[in-house]
Amino acid sequence: AVAVPSRNGRGVLNRMAAVAKAIFDGGPAPAPPKKFAYGTAGFRAKADTMDVIMYRVGALAALRAAHTGKIVGVMVTASHNEGADNGSKIVDPDGGMLAADWEKVATDLANAGDIATVEAVLSQISPTPSVAPGLVVVGRDTRVSSPHLAVLVASGVAAAGGSIHDLGIVTTPQVHWTVLRANQQTPAAVPAISKYFQEHAAALQTLLAASDTKPIKVCIDCANGVGAKSVFAMQAVLEASNVAISLSAFNTGGLEPGAAALDPAFLNAGCGAEFVQKSKALPRNYDKALAATDSNSSEATTNQIWASFDGDADRIVMFFHEGSTFSLIDGDKMACLLAKWIAQMLVKANLSLSLGVVQTAYANGSSTLYLKKALAEIGGKWEIACVATGVKYLHHRALDFDVGVYFEANGHGTVLFSDAARSVIAKTAAAEKAGGGGGGGRLGPA
């Protein structure tokens with residue numbers, strides 16, 4: 001491994017040249033077999049073409065970590081693609097996607113065919129990364145190629161003077177969560193993944209305590225991907241915490257305890273969020289999962305929800321099937337449901353916070369009309385914004401609001417609460433608990 005450069009004149013140039021040499025000479029090939037571009041989904045292609053790309057992704061992640069002085073993440077996955085594909089996504093210190101100005105650096109480094117070009121690419125990084133080694137957390141999905149490619153990521157991290165924390169088999173959202181929570185600590189420290197499940201179970205328990213909802217059963221099509229492992233882990237935590245939600249999984253890819261490994265060709269095949277949303281059809285093995293649920297008479301009075309993840313569990317869509325009717329709850333509809341409920345809660349709590357729903361031109365026009373009508377009836381401060389297609393644009397615009405909601409129709413999305421909004425909500429809740437009433441100040445843009 002080569003030390004990442006300090007900031008002292010010619011020494012910086014010499015050390016950056018040494019880093020460039022380590023990256024170029026130590027990699028599995030002098031250049032990729034074809035041109036690659038880093039986009040919203042990171043790098044993605046046939047797994048057998050990705051060796052040099054993954055090595056250089058690791059190197060770039062280490063340099064990004066050193067440049068920011070914070071922990072960065074890499075997820076080895078090709079998401080909803082078939083099992084023969086693979087790829088990588090870099091997670092920035094804030095738990096979001098790689099900064100837009102670094103996407104060009106990633107593309108240029110991936111495609112560099114000689115050491116001079118590698119040096120030229122590294123010279124784009126300004127200011128020069130600090131001398132402190134960067135820490136990169138690395139997660140991977142269940143593809144056959146992922147262990148090999150994760151090793152190459154680690155080798156690239158080492159070539160750039162960094163070190164790794166191996167998360168093993170995890171979902172993409174868990175890598176994002178780990179990076180965010182690690183950098184929120186002083187000093188930064190990688191949390192145990194068990195805290196991910198505990199944190200979400202506690203939030204669900206608080207949410208359900210304020211309602212009279214019957215127990216909820218969520219049956220999840222896991223696309224024969226990595227999500228199944230987390231469904232089983234989350235169910236154990238929910239059960240131990242007496243949360244009135246239970247999870248079951250099908251299309252698990254053989255990840256259930258004691259099961260034999262499944263043929264990797266089944267990954268995302270006839271199942272998963274991409275298939276269900278695009279085909280508007282039930283995923284494979286739905287009938288078997290339904291029969292298993294119906295055979296348990298204790299679940300007869302339970303609210304049942306059916307959902308599908310994609311291969312790395314960063315998409316979710318929901319669906320219902322009654323008789324011959326298939327009803328899809330895609331990202332547009334989930335955004336409507338979430339935004340409406342959040343608007344109601346903000347008004348009920350007398351919180352004058354800005355609520356933004358961010359869509360693209362590809363959003364269902366009916367969802368936009370519904371939101372305008374529903375939010376106008378509820379009141380409060382809200383806005384529906386439209387941005388260019390791509391999660392990175394949705395995410396960036398959502399950060400402009402105290403509470404930002406965004407979902408693509410494919411089920412890729414989230415709800416963002418600003419730090420200021422979290423503070424006001426927490427203070428208001430504490431005041432109400434103490435009998436001091438509610439109400440909060442206006443935050444952020446209208």
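Modeller: A cavity is a set of points, on a 1 Å grid over the protein atoms alone, where a 1.4 Å probe fits but cannot get out, and its lining residues have an atom within 4 Å of a point. This is a predicted model, in which local features need pLDDT of at least 70, side-chain atom pairs count only at pLDDT 80 or more, and totals for chains, interfaces and linings use all residues. Residues are numbered from 1 along each chain as its sequence is written, and side-chain values use heavy atoms, with hydrogens and water left out.

Colleague: What is the volume of the largest cavity?

Modeller: A search of the whole structure finds 1 cavity of 30 Å³ or more. A volume is the space filled by probe spheres set on the grid points, which are joined across faces, edges and corners. For the largest cavity, the volume is about 30 Å³.

Colleague: Which element gives the most to the lining of the largest cavity?

Modeller: The lining consists of F43, I53, R56, V57, L60, A106, L109 and A110. Two or more of these residues come from each of helix 2 (51-68) and helix 3 (100-111); helices (H or I, at least four residues) and strands (E, at least two) are DSSP runs, numbered from the N terminus. The contribution of 4 residues is the greatest, and it belongs to helix 2.

Colleague: How many residues in the lining of the largest cavity are nonpolar?

Modeller: Ala, Val, Leu, Ile, Met, Phe, Trp, Tyr, Cys and Pro count as nonpolar, Asp, Glu, Lys and Arg as charged, and the others, Gly among them, as polar. By these classes, the lining has 1 charged residue and no polar ones. The number of nonpolar residues is 7.

Colleague: Which residue of strand 7 is the bridge partner of V218?

Modeller: Another open sheet has 5 strands in the order 7-6-8-9-10, again with mixed pairing. Its edge strands are strand 7 (245-250) and strand 10 (325-329). Strand 6 (residues 216-221) runs parallel to strand 7, and 6 bridges join them. The bridge partner of V218 in strand 7 is L247.

Colleague: What angle does the direction of helix 11 make with that of strand 10?

Modeller: Angles run from 0 to 180 degrees between N-to-C directions, and axes are lines fitted to C-alpha atoms, for helices over the stretch in contact. Helix 11 packs on the sheet, touching strand 9 and strand 10, where contact means heavy atoms within 4.5 Å. Its direction and that of strand 10 make an angle of about 65°.

Colleague: Is helix 11 roughly parallel or roughly antiparallel to helix 12?

Modeller: The axes of helix 11 (residues 331-348) and helix 12 (residues 365-378) come within 10 Å and cross at roughly 10°. Angles under 35 degrees count as roughly parallel, over 145 as roughly antiparallel, 65 to 115 as roughly perpendicular and the rest as oblique. Helix 11 and helix 12 are therefore roughly parallel.

Colleague: How many nonpolar residues has the contact of helix 11 with helix 12?

Modeller: Helix 11 contributes D332, A335, C336, A339, K340, A343, Q344 and V347, while helix 12 contributes S367, Y370, L371, A374, L375 and I378. Of the residues in this contact, 2 are polar and 2 are charged. The number of nonpolar residues is 10.

Colleague: Is the peptide bond from T186 to P187 cis or trans?

Modeller: P187 is placed in the loop between helix 6 (172-183) and helix 7 (194-209). The omega of the bond from T186 to P187 is near -5°. This peptide bond is cis.

Colleague: What is phi of N268 near?

Modeller: N268 lies in the loop between strand 7 and helix 9. It is a residue other than glycine, yet its phi is positive. The value is near 60°.

Methods
On a 1 Å grid over the protein atoms alone, a cavity is a set of points where a 1.4 Å probe fits but cannot get out, and a pocket is an open set with protein on both sides within 12 Å along at least five of seven lines; lining residues have an atom within 4 Å of a point. Two strands pair if DSSP finds at least two bridges between them.
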